[in-house]
Amino acid sequence: MIMKKYSIFSLLRNSMSYHENWQKNWRSPDPKSEYDVIIVGGGGHGLATAYYLAKECGITNVAVIEKGWIGGGNTGRNTTIVRSNYLWDESAAIYEHAMKLWEGLSQELNYNVMFSQRGLLHLAHNVHDLQEIGRRGNAIHFNGIDSEFLTPAQVKEMVPLINLNCRYPVLGALLQRRGGNARHDAVAWGYARAADAMGVDIIQNCEVTGFNIENGVVKGVETTRGSIKGKKVGVVTAGHSGVMAEMAGFRLPIESFPLQAMVSEPLKPCINTVIMSGAVHVYISQSDKGELVVGAGSDNFVSYSQRGSFDMIDHIISPMVELFPFTSRLRMMRQWGGIVDVTIDRSPIVSKTPVENLYFNCGWGTGGFKCTPGSGHVFAHSLANGEMHPIAQPFSMNRFNTGALIDEGAAAAVAH
Ligand SMILES: Cc1cc2nc3c(=O)[nH]c(=O)nc-3n(C[C@H](O)[C@H](O)[C@H](O)COP(=O)(O)OP(=O)(O)OC[C@H]3O[C@@H](n4cnc5c(N)ncnc54)[C@H](O)[C@@H]3O)c2cc1C
């Protein structure tokens, strides 16, 4: 299919026909019997992988197999925070790789992913927080990534409505000016549209139910629409990665938890940046529609229930009201949950597996949206070359045997 380019002219032309003749963004093909690469999971990471396979590696005989609808997993459920200010060198490399791709993504995809570098503040509420942002800020700086320390007065100047003298007073903040948000659905749709235009088959409503493995080599997948052969298979199923690993005959060091978020009724512009606090534990930003998007920690128990629960309302709302008292009379509109795939060191797994030609990209937990372009990019190159991309190498599942963990959980205690 020849993809028509979006431009001011196409907008004008389509307005003449009451916007009824826009081209479909991607086809709905029947699965072929065989592909060079099968990607399981049509979230942002899977779709980005397919896009870079076609665009940069010249592999277009690719299927993305999604059990529901594309972007219906964590990609469409997250609070859209994008940043690259991680402590460890390995994390800095992959998240900054993603940040650089974000900075040109709308132009590259010819699709507005609404990437907004409105800045991101990590608040410090006690001496430990100050020491943590000091240590992390310096490490980030040495990795050539932007980071600045703000005094409480500078925080107030940037976010006038914040209550600095809350129960745990704000003592300072770490600012990444290049951090911010993007529109999550648009990221999935933009990658899908561009990948489809290069020949990638996006197959929705098709669940992978097993792997065909012969003599330790993957040969394809079993699905609810029959068997599909694949020379290589990349599994990018986030919270369900443990289930997929079990189908392939091995175990992953992953636990799956619900993570919940909420949005308020729309307001006039009032918070022009992203605020994160590990101590009172909340993160807040304002969407372009005006809603306050707010989230907190994951549920305390493992589960596959993708929905909100009553107890979490208090966990999310209390710290928000603490920091922004004006929100106490705000009406909340929606609450939901996604299933996040959490590793012990809070870093992802982008790796070969004990099964030859079967690769996994998972473990992004509560913070993988921000790495969607970077993860897809390095995973595509790894699948194409049969060797892990240098940026992906430290994220091998083997690190849980060798002990070479990348402990971002201990570093910042916040991974969103
Ligand atoms: C409430 C919440 C807030 C978050 N906030 C942030 C944030 O602010 N910033 C950030 O960076 N990250 C955040 N995250 C994490 C982020 O959303 C994820 O890490 C990221 O979106 C994972 O993308 P993905 O493409 O790997 O997974 P997903 O988008 O979940 O895609 C995986 C897909 O695999 C499909 N699938 C599963 N099993 C099968 C099967 N058997 N066959 C076929 N398909 C299958 C699923 O249907 C799903 O669509 C948040 C997550 C949640 C839930």
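Which polar backbone atom is 3.1 Å from an oxygen atom of the ligand? I looked it up, and the atom belongs to G367.

**Ground rules.** I am working with a predicted model, where local features need pLDDT of at least 70 and side-chain atom pairs count only at pLDDT 80 or more, while totals for chains, interfaces and linings use all residues. Residues are numbered from 1 along each chain as its sequence is written, and side-chain values use heavy atoms, with hydrogens and water left out.

**Ligand.** I found 37 residues around the ligand (a heavy atom within 4 Å). The closest are E66, N74, T75, T79 and K370. For E66, I noted a polar side-chain atom 2.6 Å from a ligand oxygen. T80 places a backbone N or O atom 3.4 Å from an oxygen of the ligand.

**Domains.** Next I checked the domain assignment, which comes from an automatic or database source. Domain 1 takes 29-80 + 184-254 + 345-401, and domain 2 takes 117-180 + 255-343. Their C-alpha centres lie 30 Å apart.

**Interface.** I see 22 residues of domain 1 in contact (heavy atoms within 4.5 Å) with 20 residues of domain 2. The buried area (accessible area lost to a 1.4 Å probe on being put together, summed over both parts) is about 1600 Å², and carbon and sulfur atoms give 53% of it. On the domain 1 side, R77, T79 and I254 supply 38% of the area buried against domain 2, more than any other three residues.

Definitions and conventions: Buried area = accessible area lost by both parts, 1.4 Å probe. Polar contact = N/O pair within 3.5 Å; in protein donor to acceptor, adjacent residues only side chain to side chain.
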